[in-house]
Amino acid sequence: RECSCLRRENEVERRSKQIDEKESVQSKERERLESLEKDVSDRELLCSNREEELSKRLEEIAEKESLVNNDQDELQLQRQVLATEQDEIEKGKKQLQLDMQNAEKIISNRELDCTRQEEEL
């Protein structure tokens, strides 16, 4: 009987130790799982924050692109205006040269007329 009781006590103690060990392992696994869940949550938050930052930066870049495009359009219009003005200036110069040549011919003809009139006198 004593042997039987001792065996039972030993068996109960052994099983109790096994249960304690299993509970300890489960507790450590729960802690690891909670730690991993916290890490995942932290990383998700970090990713969400980065996405927001990138979204804001993309909006800023889009605004800057729009401003640059507007500036380019304005510069193109100014180039066209300047090119038109330059063409008009060139046309004016050519017309002025023609007018000068005509004036020189008129002066030359008048000088000839004057010279003839003097000779006739």
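D113 is partly exposed, with a relative accessible area of 38% (buried means under 20%, exposed over 50%, partly exposed in between, with a 1.4 Å probe and protein chains only). D113 pairs with R116 in a salt bridge whose closest N and O atoms are 3.7 Å apart (a salt bridge is a side-chain nitrogen of Lys or Arg within 4 Å of a carboxyl oxygen of Asp or Glu). This is a predicted model, in which local features need pLDDT of at least 70 and side-chain atom pairs count only at pLDDT 80 or more, while totals for chains, interfaces and linings use all residues. Residues are numbered from 1 along each chain as its sequence is written, and side-chain values use heavy atoms, with hydrogens and water left out.

**Salt bridges**

- Five salt bridges are found in a search of the whole structure.
- Side chains of opposite charge can pair when their charged atoms come close.
- E11 and R14 are joined by a salt bridge at 2.4 Å, N to O.
- K38 and D42 form a salt bridge, with 3.0 Å between the closest N and O atoms.

**Spacing along helix 1**

- Helix 1 covers residues 2-120 (helices are DSSP runs of H or I with at least four residues, strands are runs of E with at least two, and both are numbered from the N terminus).
- E11 and R14 are separated by about one helical turn, because they lie three residues apart in helix 1.
- D42 and K38 are four residues apart in helix 1, so about one helical turn separates them.
- R116 and D113 lie three residues apart in helix 1, which means a separation of about one helical turn.
- Through salt bridges that share partners, E11, R14 and R15 belong to one network.

**Exposure of the paired residues**

- E11 has a relative accessible area of 27% and is therefore partly exposed.
- R14 counts as partly exposed because its relative accessibility is 40%.
- K38 is exposed, at a relative accessible area of 51%, whereas D42 is partly exposed at 37%.
- R116 has 47% relative accessibility, so R116 counts as partly exposed.

**Cysteines**

- The structure contains zero disulfides (a disulfide is a pair of cysteine sulfur atoms within 2.5 Å).
- C5 counts as partly exposed because its relative accessibility is 46%.
- C47 has a relative accessibility of 47% and is likewise partly exposed.
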